[in-house]
Amino acid sequence: MLDTVPNRPDLPPEIARRRTFAIISHPDAGKTTLTEKFLLYGGAIQMAGQVRAKGEARRTRSDYMQMEKDRGISVSASAMSFDFNDFRFNLVDTPGHSDFSEDTYRTLTAVDAAVMVIDGAKGVESQTQKLFEVCRLRDLPILTFCNKMDRESRDTFEIIDEIQEMLAIDVTPASWPIGVGRDFIGCYDMLRNRLELMDRADRNKVAESIKIDGLDDPKLADHVPANLIEKLREDVEMARELLPDLNPQSVLEGHMTPIWFGSAINSFGVKELMDGIGTYGPEPQPQSAEPRQISPEESKVSGFVFKVQANMDPKHRDRVAFVRMASGHFKRGMKLTHVRSKKPMTVSAPVLFLASDRELAEEAWAGDIIGIPNHGQLRIGDTLTEGESLRVTGIPSFAPELLQNCRAGDPMKAKHLEKALMQFAEEGAAKVFKPTMGAGFIVGVVGQLQFEVLGSRIELEYGLPVRFEPSQFTSARWVHGPKEAVEKFTNANKQHIALDNDGDTVYLTRLQWDIDRVERDYPEIKLSATKEMM
Ligand code: GDP
């Protein structure tokens, strides 16, 4: 049986009721549709569909770019908060396209769990698998939603087997589908012995729940066609024999995922999933930091920046730093310490992301995501505290895999271009390298599509047409070592040296051979493909 008591009664209730999570999926599996239904049941909006509609009208939502509309991809992450039953959900949206893996990685540092959405006809797809691996690096608990069950889908055992094998995680069915494709009528709730029946006529109607007394209850025949009852009984019996029982501890440790079957577009199975996130998803977790870990229940407030987004509102050149609260009870107007600069910062206009609009946040608890408008002081990886010198760890920056020279269409606009590029670099949307010899900039990204996004954003937001051209370099490595050794090395390799957007020294090359040579010839120098953001 489900119990609605928070997993951790020792936490302050406001923290214990928070669930901060992201959705991971392959494009087209139904993430957007599911998000809309979450918001609908969260009471955040009146009607599903408004997430998109409003975004288009106001251009302040994550889907505001023309390119996103054209390509149907969501480029930038945003956060949404809503209440459901006793819980406060914070849903952090992850960019869907594989080219944005670094951004996605950082987004996942801000959540305590992930909902994995798969298409019932397609099973585990490539992008699902990649994102799952990222979650696994942090042992994030995963809850699975198998979507589009109203369509012809694969055999239930086959889907479960595929997840177990491809992702090496135990799968336990929280519900069991009844009928396939056009004959799909709903699910048997394995945790509560209930029938959940789907209403095909009204897509926004919540499924009807019918309490039954196990699968031998004669009431079953009133709702389920005879040919489906037999199959259901057999399947459930076999599932109970072959598949592991739900073990909440194992779910929290990331070793087991409960799976719900449903149809997001028909609002079916969504509430059960939400119940599951509340019941089995973790409350806000401790945050690794130097020199000590931060616990959510600490009375002092702390948080860290995991994302910076510029120009959310094209009319104002503002930047919003997305901050995951790591501890305490934040109140608007609080003075916090920006640990990197050791400067105080009064947070007077923090923003909460309530469904499709931004709203001023009066308070926030550990687990919440708030936006802090600023003029560039806040960077990804920054920690805010009430004075203690803590630095949240584990938010890496990856060496870009693709490098291109970037030029302004109008050579007189080079300074403007620098400003624009630096702003995107702060967002973490690209790395910008300024070679020590020669003019111009080299821009590094993880995936090709990012160049196009950058190009169209620079044009849209700065009115500055730009060109990307092939660079002679293909790899970038951060240079570490004792000061003198670094100087000697950079002086001898000037044509390969650049400064990144934080002013750190980088070695650019096109050959792995060069990297090996440096490590052989300069034993004191270390070249690394990642650096911690700070
Ligand atoms: P995303 O790319 O993961 O965000 O996927 P979307 O939510 O945009 O959904 C992709 C397509 O699948 C859209 O055309 C949706 O209308 C459709 N879709 C989503 N959920 C369901 C479902 O439960 N059943 C069916 N048949 N189609 C669905």
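Visitor: What makes S14 and strand S21 (residues 369-374) a pair in this model?

Guide: The model is predicted. Six bridges join S14 to S21, and the two run antiparallel. Pairing takes at least two DSSP bridges. So S14 and S21 count as paired. One of the links has Val 320 bridged to Pro 373 in S21.

Visitor: How do you know that strand S13 (residues 302-310) pairs with S14?

Guide: Apply the cut-off of at least two bridges. Eight bridges join S13 to S14, again antiparallel. Therefore they pair. Ser 302, for example, has Ser 327 in S14 as its bridge partner.

Visitor: Where does the largest nonpolar core lie, and why?

Guide: That core has 100 residues; Ala 114, Val 115, Val 305 and Val 323 have the most contacts inside it. Domain 1 (13-280) and domain 2 (289-392) both give residues to this core, so it lies between them. A second, separate core has 34 residues, including Val 445 and Phe 489.

Visitor: What makes Phe 21 a contact of Val 115?

Guide: Contact needs C-beta atoms within 7 Å. Val 115 is in contact with Phe 21, and also with Ile 23, Leu 143, Phe 145 and Ile 277, leaving aside neighbours within four places in sequence.

Visitor: Which residues come nearest the ligand?

Guide: Of the 16 around it, Lys 31, Thr 32, Thr 33, Ser 263 and Ile 265. Helix H2 (residues 31-41) gives the largest share of the shell, three residues.

Definitions and conventions. Residues numbered from 1 in each chain as written. Predicted model: local features only at pLDDT ≥ 70, side-chain atom pairs only at ≥ 80, totals over all residues. Helix = DSSP H or I, 4+ residues; strand = E, 2+ residues; numbered from the N terminus. Near = placed C-beta within 6 Å. Core = buried A, V, L, I, M, F, W, Y, C linked by C-beta atoms within 7 Å. Buried ≥ 20, exposed ≤ 12 C-beta atoms within 10 Å, placed from the backbone. Domains from an automatic or database assignment. Contact = placed C-beta atoms within 7 Å.
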